[in-house]
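Subject: Handing over the model

Hi,

Here is the structure I promised to pass on.

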Amino acid sequence: MLDARYVADHLDEVIQRLKNRSSTWESQLADLGDLASQRRQLIGTTEALAARRNAANQEMSKLAKGGDREAFALRRDELKALSAELKSEETKLSAILKTFEERLMSIPNLPHADAPVGSSEEQNRVVREWGKKPSFDFEPKAHYDLVPGLLDFERASKLSGSRFSVLWAQASRLERSLITYMLNVHTEQNGYTEVAVPYLVRSAPLEGTGQLPKFEQDLFQTKRHEDDEEPLYLIPTGEVPITNLHADEIFEPGSLPRSYCGFTPCFRSEAGSYGKDVRGLFRQHQFDKVELVCFAEAEKSEEAFQKLTADAESILQQLGLHYRVVELCTGDLGFSATKTYDLEVWLPSQGRYREISSCSLFGDFQARRAKIRYRPAVKQKPQLVHTINGSGLAVGRTLIAILEQYQEADGSVSLPAALRPLMGCDEIAGQKF
RNA sequence: GGAGGCGUGGCCGAGUGGUCGAAGGCAGCGGUUUUGAAAACCGCCGUAGUGCAAGCUACCGGGGGUUCGAAUCCCUCCGCCUCCGCCA
């Protein structure tokens, strides 16, 4: 959420910056200035009435003790009118506050000044490339045609419908090894604290990180029974529970930055992605991810963002996977992000780079929603932390990249050296089950 | 699923209708004392909104109600705990 005061005082600037995301914001924000000034005015009148009532209450307290019943009754009847007036102003005010808050909750973060301006991924900026494109003296296959039998989409469909997968034997072990490997690297080399979190959450955490209220259609919701008042949601990313671990907390001086990593499955309805990436593991309703989350002081967040991105990259590098880093343009940024680097891994079968990690700087946007603050020094006022997160990495997509980049002509795959100890073998080949 | 209990400031814990944003204690911060430390003593010590400021306002799990006035009474929702049942 943006700062209400900032929006009220700099409405034109906010509109200008949001227009870089989408031209529609200009009209959507047109009435916001009016709402903001109504809010201020009502706060003023309501508080003045409340001050009068409070003063009168002290007087009443004395009258009650003094025992002058007649004066008390007289004054009491006068105060009824004041109370009624106050109540009516409070009702108006709370309606305005609610509307204002709802509007603010649906406004995305302001793009960072550095972010390339553009309306689609065409305008994303390539920041760097790492490694070399693997070359093949045969036609490289797609991951779903490699290690035949190990990736089982028919059985998955029987169980759960489309966009689910079953992994057999060495494919399942590869998934598990990747999770372990990533967590090991982040905890042992990159300085992260590992955390295991719930996969079902209430709505408040989803509001905290920005998935709700706007993107409910992307989520799976669970009901405990028909008239469940507060359904739980399956997390669409580990970012949600991990970032919200510190909701409503104030970090003490000296306790930042904090870097957490955690493995979670992720669940996405993929509403609106019909026809996209329909084959294979690339886009699933359920996938595994190792998430990186960092809480940093405001002045140090840019630096922390660069580090977190490099930490995610370290996995790709140690696995020897060719990739590039792109900075998303303003039109491609996610709702809560002010700046995002996507790590895109090379997929030989598609002849292009595909997203395997998305690392974002949120500034204080999520912290304001989730009320995550820190005290810069003893006795100082709390301020909002900056949050940063990224995939480190999406496990299924890493599995795809390994299969494709390390494939052999016969459809088998030789494993990157880093994974061999965990896998207990040097290569994997197809097998029917 | 059945029965009961509880939600107060960083923590513990008073407060059952009237200057209560809230006693007291612990922790923390500043000081006095001390060669230094501990102890003792004194002071400070929640968050937010609004205003140029002094200040004012709000917040005792959330929402609603009663009342001139609610942390205190009523309703409702949420969360947590204990016991029983079921269960990985």
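Below are my notes, from the whole chain down to single residues.

A few ground rules before the findings. This is a predicted model, in which local features need pLDDT of at least 70, side-chain atom pairs count only at pLDDT 80 or more, and totals for chains, interfaces and linings use all residues. Residues are numbered from 1 along each chain as its sequence is written, chains are lettered from A and ligands numbered from 1 in the order in which they are written, and side-chain values use heavy atoms, with hydrogens and water left out.

**The whole chain**

Chain A has 13 helices and 18 strands; helices (H or I, at least four residues) and strands (E, at least two) are DSSP runs, numbered from the N terminus. Its C-alpha trace spans about 100 × 45 × 45 Å along the principal axes. Of the 433 residues in chain A, 48% count as buried. Here buried means under 20% relative accessible area, exposed means over 50%, and partly exposed is in between, using a 1.4 Å probe and protein chains only.

The accessible surface of chain A is about 21200 Å², and 49% of that belongs to carbon and sulfur atoms. Those areas come from the Shrake-Rupley method with a 1.4 Å probe; for residues, only the protein chains shown count as cover. As for contacts (heavy atoms within 4.5 Å), 74% of those in chain A between residues at least 6 apart in sequence join residues at least 24 apart.

**The cores**

Which residues have the most contacts inside the largest nonpolar core? They are Leu174, Leu178, Leu403 and Ile428, in a core of 52 residues. A nonpolar core is a set of buried Ala, Val, Leu, Ile, Met, Phe, Trp, Tyr and Cys residues joined through side-chain atoms within 4.5 Å. Elements that each supply at least two residues of this core include α7 (169-188), β10 (286-296), β16 (386-394) and α12 (395-405). Helix α7 gives the most, with eight residues. Setting aside residues up to four places away in sequence, Leu174 touches Leu399, Leu403, Leu415, Leu419, Met423 and Ile428. There is also a second, separate core of 23 residues, which includes Leu93, Phe100, Met105 and Phe365.

Strand β9 covers residues 258-267. Eight of its 10 residues are buried, so β9 is largely enclosed by the rest of the structure. Strand β4 (residues 193-194) pairs with β9 in the parallel sense over two bridges; two strands count as paired if DSSP finds at least two bridges between them. Within that pairing, Glu194 has Cys261 of β9 as its bridge partner.

β9 also pairs with β10, in the antiparallel sense and over 10 bridges. There, Pro265 has Asp288 of β10 as its bridge partner. β10 is itself mostly covered, with 10 of its 11 residues buried. Seven bridges then join β10 to β16, and these two run antiparallel. Leu292 stands opposite Gly390 in β16.

Beyond four places in sequence, Thr264 touches Val197, Tyr199, Ile235, Thr237, Gly238, Phe287, Asp288 and Lys289. The C-alpha atoms of Phe263 and Met182 are 9.1 Å apart, although 81 residues separate the two along the chain.

**A three-strand sheet**

An open sheet of three strands runs in the order β5-β7-β6, with antiparallel pairing. β5 (200-201) and β6 (221-222) are at the edges with a single partner strand each, so one side of each is left without a neighbour in the sheet. Two bridges pair β5 with β7 (residues 232-234) in the antiparallel sense, and Leu200 stands opposite Leu234 in β7.

**One more residue**

Over to you!
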